[in-house]
Amino acid sequence: MMTFLAEEGAQNPLIPEPVELVIGLIAFFIVFGVLGKKLLPTIQKTLDERQDAIEGGLERAQEAQTEANQTLEQYKAQLAEARHEAARITEQAREQGAAIIAEMREEGQRQRDAIIAAGHAQTEADRRQVTVALRQEVGRMATDLAGRVVGESLEDAARQSRVIDRFLEDLEEKAEAAR
């Protein structure tokens, strides 16, 4: 056992044999060369594609942001224009409302004046009608009274009309003199 330990003790396990070291280095360079020739371009291509995708995504995002800002400005301009138009329409409606109110007041005033004029005309017509009726009634009563006073009948229409007219003229003269 000792001999086995002595042989092992003479060789350090951390230092490889030179043949193993050369074979390991050759295998390493072969694997490294194959990886460098085949895998590294694929990895580089994938990294470039990712970088392009990221940069392209950023550019597209900036373009989308710019477009969104332009659209927002357009919407703000349209909104401001719509508010201006709404204010103009509201003002126009107020003006039309004021004009309609003024027109309705004028129409009401005209109707009121027409009603008053019609009332005055009706009152005048009624006054004339009452005056005629009153003259007739007063004439009839005066004729009856005069017939009683005179003692004869005053049934003759011409005579009766003259008597009534004279009597009423006397009454009107007395009324004017009293004023």
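Is E91 buried, partly exposed or exposed, and what is its relative accessible area? E91 turns out to be partly exposed, at 37% relative accessible area. Keep in mind that this is a predicted model. Here's a quick tour of its charged side chains, starting with the pairs.

**Salt bridges**
- Searching the whole structure turns up six salt bridges.
- Side chains of opposite charge can pair when their charged atoms come close.
- E91 pairs up with R94, and their closest N and O atoms sit 3.7 Å apart.
- Those two are three residues apart in helix α2, so about one helical turn separates E91 and R94.
- R94 is exposed, with a relative accessible area of 56%.
- R110 has a salt bridge too, with E107, where the closest N and O atoms are 2.5 Å apart.
- Again it's a matter of three residues, about one turn of the helix, with R110 and E107 both in helix α2.
- R110 is partly exposed at 46% relative accessible area, and E107 is partly exposed at 30%.
- D113 and R112 also meet through their side chains in a salt bridge, at 3.4 Å from N to O.
- D113 counts as partly exposed at 37% relative accessibility, and R112 is partly exposed at 41%.
- There's a network as well: E124, R127 and R128 are joined into one by salt bridges that share partners.

- E63 counts as exposed because its relative accessible area is 53%, and the cut-off for exposed is over 50%.

Key. Residues are numbered from 1 along each chain as its sequence is written. This is a predicted model: local features need pLDDT of at least 70, side-chain atom pairs count only at pLDDT 80 or more; totals for chains, interfaces and linings use all residues. Side-chain values use heavy atoms; hydrogens and water are left out. Buried means under 20% relative accessible area, exposed over 50%, partly exposed in between (1.4 Å probe, protein chains only). A salt bridge is a side-chain nitrogen of Lys or Arg within 4 Å of a carboxyl oxygen of Asp or Glu. Helices (H or I, at least four residues) and strands (E, at least two) are DSSP runs, numbered from the N terminus.
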